[in-house]
Amino acid sequence: MNSLPISALFGILALLIILSALFSGTETGMMALNKYRLKHKVKEGHKGAIKAQKLLETPDRLLGVILLGNNFVNIFASSVATIIAMRLIGEAGIALAAGILTMVILVFSEVAPKTLAALHPERIAYPASFVLEPLLKLLSPLVWLVNFFANNFLRLFGVKVKRNNPDSHSLSREELQTLINEATGRLPKQYRTMLSGIMQLESITVEDVMIPKQDIYGIDVNQPIEEIVKRIVKSPFTRIPVYRDNLDEDILGVINLRKALPLLTKPDLSLKDLIKATRPGYFIPETTTLNIQLSHFNKHKRHMALIVDEYGNLQGLLTLEDLLEEIVGKFSTDTREKAFTRVHMHEDGSITFDASEFIRDLNKTYHFDLPTDGPKTLNGLIQEELETLPEVGTCLRVGNYTLEVIETSKHAIEKVNLNQIDPTQRFQ
């Protein structure tokens, strides 16, 4: 080495610095690869991705060959720099050479290449995998020796080095939800909303989205046949529950307008004909989650279910359309759309709602964050907080909101004035 000219030594030093930069950039690039995008590239048959995935299956061996090469060229570069300093300045130049080389390697062989690789990991990692694969085979004895001591050292601290673990990159439901929310720009908002809706199906029960019992449009067979026919003709729904006197006590079934309308043309139409056209009601418990109910709708070939509590009392009604709206949003042609017709906006930013409105609907429509893990309506929320039926004028705070009782009836709260406390979160 001492016999080589200075120019050749500088050339070797420059080559070693470049090799160090390549090893450093490759290390960061391989570790920064998006594992799910890598799998997608592998399925597409990308050769670089296939080799990169194979190398990442044994990260200890991959890091072993990269660091082995990187440390070798860095130490070699230090030796070359020392020789150059000795020949140019003498022994006094050794310290100067060490300082200059440290700065050069730090800037050009560490920070710069690693930053580039972190920003564009695929551009670095895929081409590098073609070099790392044969290099790993060539240096496998040394790599094995290094990993043997490193892995056993980690075992002393209770760290187990596992390979080919299929669950190492699996996501929890919360992590997947965050991934969907952060997909801004790459995934349209409509699709992100739909995916979020699908994710939430297993945590939402039919009770959360049902049509309450008092809002069910039904047919009482004890009414005159003329009134029944008129109610069928005016119905905004395709399927109508049929009952006698009271929905709670005697539900005869559900009639489909496709079967009912042809019967209305009969001159001698009787109540018996209409009852024959009904289908037995399909009852489900109020605790059923939406993902399970969706499969049940498909299994039983039903589009509507009657929801009952643990005592068998009717609580509400759920249609397949209501369930699907939790995924895709409101249908523009849906005549049953739950519009907030009794909403009053005030100049101070507060809003007056009907107390029977569902909290989940308010949260979705007005971007509130009222609690949904307890009562389903504003009426229920206030009564649970106060543990009594409050008087008009009663005001309470729930989270970042104040709720003031505006109107009550004998058994329930009728109207509530809601105001947001935090001024940075305005109503939308």
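Helices (H or I, at least four residues) and strands (E, at least two) are DSSP runs, numbered from the N terminus.

**Ground rules**

I am working with a predicted model, where local features need pLDDT of at least 70, side-chain atom pairs count only at pLDDT 80 or more, and totals for chains, interfaces and linings use all residues. Residues are numbered from 1 along each chain as its sequence is written, and side-chain values use heavy atoms, with hydrogens and water left out.

**The sheet**

I followed the four strands and found an open sheet, ordered E1-E8-E7-E6, with mixed pairing. E1 and E6 (283-285) stand at the edges with a single partner strand each, so one side of each has no neighbour in the sheet. Next I checked leucine 306, which stands opposite leucine 317 in E8. Helix H15 packs on this sheet and touches E1 and E8, its direction making about 70° with that of E8 (axes are lines fitted to C-alpha atoms, for helices over the stretch in contact, and angles run from 0 to 180 degrees between N-to-C directions).

**Helix H15**

I listed the buried residues of H15 (residues 320-328): Leu320, Asp322, Leu323, Glu325, Glu326 and Ile327. Buried means under 20% relative accessible area, exposed over 50%, partly exposed in between (1.4 Å probe, protein chains only). Their cover includes helix H9 (189-200), helix H14 (290-300) and helix H16 (359-366), where contact means heavy atoms within 4.5 Å. Just after H15, I noted glycine 329 with a positive phi of about 90°.

**Rings**

I found 10 aromatic pairs in the structure. Rings of Phe, Tyr and Trp (its six-membered ring) pair if their centres lie within 6.5 Å; planes under 30 degrees apart count as stacked, over 60 as edge-to-face and the rest as tilted.

Tyrosine 282 and phenylalanine 297 are edge-to-face, at 6.3 Å centre to centre and 65° between the planes. This pair joins the loop between E5 (278-279) and E6 to helix H14, 15 residues apart. Both tyrosine 282 and phenylalanine 297 are buried.

I then turned to tyrosine 366 and phenylalanine 368, a stacked pair at 5.6 Å and 20°. Tyrosine 366 counts as buried because its relative accessibility is 12%, and phenylalanine 368 counts as buried at 7%.

Terms used
Pairing = 2+ DSSP bridges.
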